[in-house]
Amino acid sequence: MSINLRTVYAFAREMYPKINAEHIQYGTAGFRGKAEFLDSVMFRMGVLATLRSRYREGAVIGVMITASHNPEPDNGVKLIDPKGEMLEPSWETIATDLVNVTDQDLEQMVATIIKDNKIDINSSSYVYVGMDNRYHSPRLLKAVADGVIALKGNVREYGIVTTPMMHYFVVAANTKEAYGKPTEEGYYEKLITAFEKIRNGQLETGNYRNNLIFDGANGVGARKMLQFIKRMSNSLNVNVINQGIGSGKINDECGADHVKVKQRPPISMPDLEPYSRCVSVDGDADRIVYFFNNDSGQFRLLDGDRIATLIAGYLMELIKSCNINLRLGLVQTAYANGASTDYIVNKLKVPVSCVATGVKHLHHKALEYDVGVYFEANGHGTVVFSDHAKLIIKESAQINQNAKTLLLIIDLINETVGDAISDMLLVEVILSHKGWDVKDWISTYEDLPNQQLKIKVQDRNVIETTDAERVCVRPKGLQDEINKVVSNYKCGRAFVRPSGTEDVVRVYAEASTEDDTLQLAYEIGLLVQRMAGGVGPELTKPSNAHL
Ligand SMILES: CC(=O)N[C@H]1[C@@H](OP(=O)(O)O)O[C@H](CO)[C@@H](O)[C@@H]1O
Ligand SMILES: [Mg+2]
């Protein structure tokens, strides 16, 4: 194979010229932006994925085209490393450099990456590409594929798939199918087989009812849930709303982010009995939250913290009942509701760690446990099992029924990344084993009221934090002021940090009452505005707070 780097430049100049001079950065969620400016970014990510595959000795690298929970005009791209993890941080920097050079400098930049990383440019490479169902995704997918072709790599196009499916395909291929077949059918088969074996025909127990409303956010999650339903033997009755057919726009008034942030149900909800179980996933189906209305019509949310505590508690019980010795832990971020942490540590006796925001931090920490459960409060998470844990469980399964169930649960979980549909099937298994309805589930603990604010400042990076973002070390004196304010509130807790995905400083506050929480968030927000270079109008006092 002979590769001429001139081809890369020729492709770029002719088909994917860089039309936006604005500097963009590979962030927590890869590159995101308005779709019309992303063609050259996509082409270059195809080039980079090919180089990365050659650097990793021909292992499959994944590319997912999606803007997740963002609005319809947006799109984005992220790379998936061979074990299904997010792209290694040093290559995030390379990615940023590569998309920001001019077309003229592109060829030289590619040559530098090859030289610096000692890449054998003539070795084989494999890139798998998938996309969500935004109308501009097919065009962007072609740009990625052309990036691979420009370097004579091998590309496999999966079409419309969820983000977690792409992670699954990459791992399945790189483990030579030990993890499953790297096809859409292989994915359904793995999850459905495990789910139906665990269900074992027992569909309703105690208060558990076999019906569920599924809000697909007008995204790919809806389509794939419909595919699941087709292949399932009535083991779960799912009614899919916001299917993405007709005029509904992706994530518009629906989906997990809408439900969690606005604290209200999505549009197009059918008339339901109180306490009917409902779920919402986001636009690329890697996040999930549950919700219901109680008999006074009040909306109640069961978010990522609830799902995490339910799963960790259940796995702990199963492990104990098998008499095996495995270290199970739960990983959260500072956004986890304090009541959830209190419940899991003091009632369920499961150790909890707190890490910085962003799934890669949670995933990394979870790998330190034999069984690591991790979730962000917004519903993104999964469980990872160490090889040691899998071995012990397998041995125990020869004599113990609960260990057999644990083995099936491992198959049901998408360990590669948070997967809304896999997480949902696991929650359904647990609720049905416990014979619980949503009332039983929500009564495990009472959430502390909480609020988040976004504060605009001149430069959000003037805020520096430590201790998993719970303590602010810069600007000097801000943390002392925060401590003083927080000490006036019962069960008060608050922290500030610069967002990694938006140009804002985020404020989080919780306290024992709604009014106190609003007031606490307001006071902390004001401190940020005054001490960290706030721009725009001063925050207004919350109207229903009693002073
Ligand atoms: C408070 C919050 O929800 N933050 C989100 C958000 O990060 P920020 O760094 O807070 O902008 O986007 C991340 C990527 O999707 C997600 O992992 C994280 O949970
Ligand atoms: Mg998402």
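This is a predicted model: local features need pLDDT of at least 70, side-chain atom pairs count only at pLDDT 80 or more; totals for chains, interfaces and linings use all residues.

Reply: Happy to! Helices (H or I, at least four residues) and strands (E, at least two) are DSSP runs, numbered from the N terminus.

Residues are numbered from 1 along each chain as its sequence is written, and chains are lettered from A and ligands numbered from 1 in the order in which they are written.

A residue is buried if 20 or more other C-beta atoms, placed from the backbone, lie within 10 Å of its own, exposed if 12 or fewer, and partly exposed in between. Met42 is buried because 29 other C-beta atoms lie within 10 Å. Two residues are in contact if their C-beta atoms, placed from the backbone, lie within 7 Å. Leaving aside neighbours within four places in sequence, Met42 contacts Val77, Leu140, Ala143 and Val144. Ala143 is 101 residues from Met42 in sequence, yet their C-alpha atoms are 5.6 Å apart in space.

Val77 and Val144 turn up again around Val63: not counting residues up to four places away in sequence, Val63 touches Met45, Gly46, Ala49, Val77, Leu79, Val127, Val129 and Val144.

That leads us to the core. A nonpolar core is a set of buried Ala, Val, Leu, Ile, Met, Phe, Trp, Tyr and Cys residues joined through C-beta atoms within 7 Å. The largest one has 133 residues, and Val63, Val144, Ile311, Ala312 and Leu315 have the most contacts inside it. Helix α10 gives this core its largest share, ten residues. A second, separate core of 27 residues includes Ala334, Ile463, Leu520 and Ile524.

How do α10 (residues 304-321) and α11 (residues 338-347) cross, and at what angle? Their axes come within 10 Å and cross at roughly 5°. Axes here are lines fitted to C-alpha atoms, for helices over the stretch in contact, with angles running from 0 to 180 degrees between N-to-C directions. Asp305, Thr309 and Ala312 of α10 meet Ser340, Tyr343 and Ile344 of α11.

Stepping back, buried residues make up 49% of the 547 residues in the protein chain, which has 18 helices and 19 strands.
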